[in-house]
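Subject: A structure to look through

Dear colleague,

Please find the structure below, and keep it open while you read the notes that follow it.

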Amino acid sequence: MVDSGETRKAHVLLENYLKDHAGDLEASQLLSRVHLLEGNPKAALETLLKFSGPSAGPEYNWILGQILLELGRLEEALAQLKLASSYGSDYRYAMDWGAAAWRMSRTDVALSAYARAQQLAPGEPWPRLNRAMILEATGKAGAALKTLEEALRVLEILGVPRTHPAYPDLYYWSGQALEKLGRRREAKAAYTRALSFDANYSSARRALEGLK
């Protein structure tokens, strides 16, 4: 229900369940996430602290980190998300750690976080894409391009369908890196490839028109 967006139904079921099973860690943490998804981080924090605690493990740290982000307690959030990704095996922990660090302009931390996410989920393209975007933004176009090429190779090796939404992004950002490197012809080809996967990719279309 939570994953499908039915938070109201999940909320009622979880609260009723916890009346008789107050010690159920998984249910209490899920209810905390529901509060957060409903835009109530204070209730999410209260629920998490009432039924759970640091000894609960990386899921606790992950949820607490997200709550603290919403409350504007950024440094504390970053620390909790780092703990979650360091001790947990779910790559979402590391992705959220990276997103929080990026939001705070802590690019070195964000790169480390996405490297951890890549380690936890080698077949996922998003950690490499995010790393490449940061590298490109910090003047490391060559490293960004290499990272994007690695991501595309992994998708090819795994036989990921061409309908995967990462393809147009990977080619668009390849074009951006190639432009920075002065390789305009290859950049045009990359933007064209991005549009072949998504004809409505306006950023790629504008970039291609800018090279004409």
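A residue is called exposed here when its relative accessible area is over 50%, buried when that area is under 20%, and partly exposed in between. Please bear in mind throughout that this is a predicted model.

With those words in hand, we can turn to helix α1, which runs over residues 7-20 and reaches 20 Å from its first C-alpha to its last. In α1, the residues T7, A10, H11, L14 and L18 are buried, and they lie on the same side of the helix because they cover an arc of only 105° around its axis. The face turned away from that buried side carries the exposed residues R8, K9, K19 and D20.

The largest nonpolar core has 59 residues, of which I67, L170, Y172 and Y191 touch the most other members, and helix α10 (residues 166-180) gives the most to this core, with eight residues. A second, separate core of seven residues includes L14 and L18, which are also among the buried residues of α1.

Finally, there are eight salt bridges by the rule used here. One of them joins the side chains of K180 and E136, at 2.2 Å from N to O, and this pair links helix α10 with helix α8, 44 residues apart. K180 is exposed, with a relative accessible area of 55%, whereas E136, at 9%, counts as buried.

Best wishes

Definitions and conventions:
Residues numbered from 1 in each chain as written. Predicted model: local features only at pLDDT ≥ 70, side-chain atom pairs only at ≥ 80, totals over all residues. Heavy atoms only, no water. Helix = DSSP H or I, 4+ residues; strand = E, 2+ residues; numbered from the N terminus. Expected span 1.5 Å × (residues − 1). Buried < 20%, exposed > 50% of the residue type's maximum accessible area, 1.4 Å probe, protein only. Arc of directions from axis to C-beta. Core = buried A, V, L, I, M, F, W, Y, C linked by side-chain atoms within 4.5 Å. Salt bridge = Lys/Arg side-chain N within 4 Å of Asp/Glu carboxyl O.
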